[in-house]
Amino acid sequence: MRIMRYALYGALCLMPQALVAARTLYNETQSPLYVAGYHVMAAGDAQLVTDRVKIMPGQKVSFDVTREGLASSTKRYIVVSRNQNDFTKTITPQDVKSFPHKELHYPALPNLLSFYFEEDNGRLVMLNSLEHSSFVKAVKGAKTAVKAGVVDVLIDKESLPEVKNNTHRKDVAVVRTTNTVPAEEIAIIKKRKTKVNKAVNKKFNLTLLERKTPTISLICSGGGYRAMLATLGFMSGIETAGVLDMTTYVSGLSGSTWFLGTWINSKKSVNAFKNDLITLAKKKIGVLTAKEMKLISNAYKVKLAYNEPLTIVDLFGALLANMLFDNLGDKRQQVLLSDQAKTLAMGDWPFPIYVAVDGRKAAHKQYGWYEFTPFEVGSPWLGHYVPLWGFGRTFSNGKSITDDPEIPLGFLFGIFGSAFSASIERIWQEIMTGKEAGGSFDKFVKETIIHRFGDTRLAMSEENNFTIGMDTSPIRDDKYITMIDAGIDFNLPYPSVSGEKERRQSDILIFFDASYATAIEAGKKNVAGSLKDLMDAEKYARDRGLKFPHIDANILVTPMTIFKDNNDPACPLVIWFPLTDDQQLITTTLSENKELTGFDNIKGFNVAKCTEKEFCDTFNFGYAQAQAEQLVNLCAFNVLANKDALLAAIKWKIDKMK
């Protein structure tokens, strides 16, 4: 998954200045502004070193404060004012900071080379690119609203609808310590297998016994709204091709969990749900009404009432719920993952698994994967599981001692998709992707910043540790369980259906890969780069003695690739759908196959360029309808254009299993 590269800004501010880079300044106010540059010498006054530059409303200018020939201790500032006469030749450092200002740091990250002037309640402010982003503005705005709504308020638990509707209030959650699937999942999978068997026999005109029916698992990558909509498209194609009815499990990570959770909550087929999600994706993360802020504040009150930890990840999740459950009105912050159990009960749906990974520093070199289902939360590496409705409560010796309501799905969305929880070291790795890794600048950063702060995370979720005090738990001494976006390890949630856990072994693994690196590197024809996450999945299997076909990087990147082991019938078949566009395939297929209609909008669509520079960016939260339809259609087309090969591969595996 693409990590929020901007997030390293604070750490990089510690570097000595080394390079010169002009800044672009944008005037987004309604009046003319003036900017100037100052040098502040060590223990001295600030000296004006540039002309006073006028910027008209709506205009931009290129501006820099040179550092040539100056001591490394000299600080450089850009300041802004509505009055050009404010800039005298010499002022005090305190005067500099009385203006809206920014200190310049060299070298600067590419995304921090622009500054924006805005008005905030009549006050002139200067923002860098990160501060100006809709994502950060939404978080700040919601954080202020939440604080206003919940701080210094005596919270009456009994007045909260989440408390009133808590059907497990009188139940004690008990921690389970066996690495098996729970009885509820076993019962649902048994029903699902019966329906999968009928679908397989009907599709291929067979009479297979249930025990000979393959377990097909869909594995969906992260990547923000891009992954959410791409997964919608892939799943639309899979459903139309008749493969969804043959699927037992679907595992989501980060952005794809947002599709998975909203889809199952809708109780609709994928294709019936398609327009609903495209409509919901239009809503901007930074646009909050007073009523929506109140709903977020109320969701926070529940956690405060039970003394549960609160982090920015919870706020991010509430913002996601505000957008993606917008059609539910006042109930949007009260949707529960456990509600999906009723939908799954008869085996009509593939069984969903949502993932996150351990966020502790000690786990940084080898992440432990957590899994969430409508029934429980836990992990094979942890060896402990708790009922979903008990997750978040306070525990003692494996039993809950409080009656907190279930954590809402919106907050869980925040955990699943918290890519900004990356460590500084990982963020730097992302920044250097495709650049001069190992060069003098890279070496300097690693020696001065990464060496000291590399394990530091900018944010992560915290929930009460349900294994606290249990001798059998590797985290028994930790007050909180910390979780982060699993894409920070690798961006395909293969572990949950790998067979590492009893009864979860898959015969056919279908990967929907909308990862940032996959899209970008596929566009560059860099096979190894586009296959990185899939090769990481192979390594995960090899390290644990699990069967997995060899991922050969000596291939051409196409919309669908099959990996298999012809000599081992027990080895799972892997089918990989990367986020890529093959314009020749699009042109040829649409001209020859008249049954494939409605895909004209993907002609000429360069999804690699879109991912790197346009609306498919991981941190774009808000797609115009035409944009969403283009991305969804591309992924659906890639499945349907390869329908015959996909079905032939599944039939090959069935024959191998006989």
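Is the crossing of α8 and α13 left-handed or right-handed? In this predicted model, the crossing of the two helices α8 and α13 is right-handed.

**The helix pair**

Helix α8, which covers residues 255–266, packs with helix α13, which covers residues 409–416, at an angle of about 160 degrees, and their axes are 9 Å apart. Because angles over 145 degrees count as roughly antiparallel, α8 is roughly antiparallel to α13. On the side of α8 the contact is made by Thr257, Trp258, Gly261 and Thr262, while α13 contributes Leu409, Phe413 and Phe416. Sorted by kind, the residues of this contact between α8 and α13 comprise four nonpolar and three polar ones, with no charged residue among them.

**The cysteines**

The count of disulfides comes to one, and this bond is formed by Cys610 and Cys616, whose sulfur atoms are 2.1 Å apart. Since the torsion about the S-S bond of Cys610 and Cys616 is about 80 degrees, the disulfide is right-handed.

| Cysteine | Relative accessible area | State |
|---|---|---|
| Cys610 | 0% | buried |
| Cys616 | 0% | buried |
| Cys220 | 2% | buried |
| Cys635 | 0% | buried |

Why is Cys635 in no disulfide? The nearest cysteine sulfur to that of Cys635 belongs to Cys616 and is 9.0 Å away, whereas a disulfide requires the two sulfur atoms to be within 2.5 Å, so Cys635 is left without a partner.

**Phe351 and its surroundings**

Phe351 is found in strand β13, which spans residues 351–358. With a relative accessible area of 1%, Phe351 falls under the limit of 20% and is therefore buried. Which residues is Phe351 in contact with, leaving aside its neighbours within four places in sequence? The contacts of Phe351 are with Glu185, Ile188 and Ile189, with Thr248, Tyr249 and Val250, with Leu344, and with Thr373, Pro374 and Phe375. One of these residues, Pro374, is 23 residues apart from Phe351 in sequence, and the C-alpha atoms of Phe351 and Pro374 are 9.1 Å apart in space.

Technical notes. Residues numbered from 1 in each chain as written. Predicted model: local features only at pLDDT ≥ 70, side-chain atom pairs only at ≥ 80, totals over all residues. Heavy atoms only, no water. Buried < 20%, exposed > 50% of the residue type's maximum accessible area, 1.4 Å probe, protein only. Helix = DSSP H or I, 4+ residues; strand = E, 2+ residues; numbered from the N terminus. Contact = heavy atoms within 4.5 Å. Axes fitted to C-alpha atoms, helices over the stretch in contact; angles between N-to-C directions. Parallel < 35°, antiparallel > 145°, perpendicular 65-115°, else oblique. Left-handed = near helix turned anticlockwise from the far one by under 90°. Nonpolar A, V, L, I, M, F, W, Y, C, P; charged D, E, K, R; others polar.
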